[in-house]
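Please keep the sequence and the structure in view while reading.

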Amino acid sequence: MGKSDKAAASREEEAMQLAAAKQEYAEHMDSLRAEGLLDDQFLELQQLQDESSPDFVEEVVLLFIQDSGRIIQNLTDSLEQTPVNFKKVDAHVHQFKGSSSSIGAKRVKAVCIILHMCCDREDQQGCLFALEHVKREFDLIKGKLQTMLKLEKQIIALGGTPPFEDKL
């Protein structure tokens, strides 16, 4: 096999790896929507990313993860107070619901609504139960978003453009 044959085979292998990575990314994103984890708001975020802000989605996702961890800790701390200040708890819930909504974290937002209703009723046990559900939903979307970012980096490392640019 000559040099040009080896180079052609190498390019073909790289193209196949890139196609496989893009397929894995597409399937991952489809599953996020099918499972109701993300809504169309996330697609709108992806469309805001362009050459002038190539890391926009990653920055928003990482900020959401960081802020959410802090908010969940604040909720936990507030619900452990005696007596519980439900207005304070509800303020944290409102903040979390807003950030979840802005990134398109549909199921987290839905559980925040339940947590808000428990605050309105001043139901501490209901709040604690809903908070555990919020934590599970957040941990799930956090892992899925981190996987998405990893797949995007993999595609870029293989010489591809971010997958969402292909849709524009």
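## The annotated histidine

H94 lies in helix 4, where helices are DSSP runs of H or I with at least four residues, strands are runs of E with at least two, and both are numbered from the N terminus. At 58% relative accessibility, H94 counts as exposed, a label given to residues over 50% relative accessible area, while buried means under 20% and partly exposed lies in between (1.4 Å probe, protein chains only). The unreviewed UniProt entry annotates H94 as "modified residue: Phosphohistidine"; UniProt positions are given in the numbering used here, feature names are shortened, and such annotations may be inferred rather than shown by experiment.

## Basis of the model

This is a predicted model, in which local features need pLDDT of at least 70 and side-chain atom pairs count only at pLDDT 80 or more, whereas totals for chains, interfaces and linings use all residues. Residues are numbered from 1 along each chain as its sequence is written, and side-chain values use heavy atoms, with hydrogens and water left out.

Once neighbours within four places in sequence are set aside, S100 is in contact (heavy atoms within 4.5 Å) with F64, A105, V108 and K109.

## The annotated domain

In the unreviewed UniProt entry, the annotation "domain: HPt" covers residues 53–158.

## The chain as a whole

The protein chain has 7 helices and 0 strands, which gives the pattern α-α-α-α-α-α-α when read along the sequence. Its radius of gyration is 21 Å, well over the 15 Å that the globule rule gives for 168 residues, so the protein chain is more spread out than a compact globule; the radius is taken over C-alpha atoms, and the rule is 2.2 Å times the number of residues to the power 0.38. Taken along the principal axes, the C-alpha atoms fill a box of roughly 80 × 30 × 25 Å.

Of the 168 residues of the protein chain, 35% count as buried. Among contacts between residues at least 6 apart in sequence, 69% join residues at least 24 apart.
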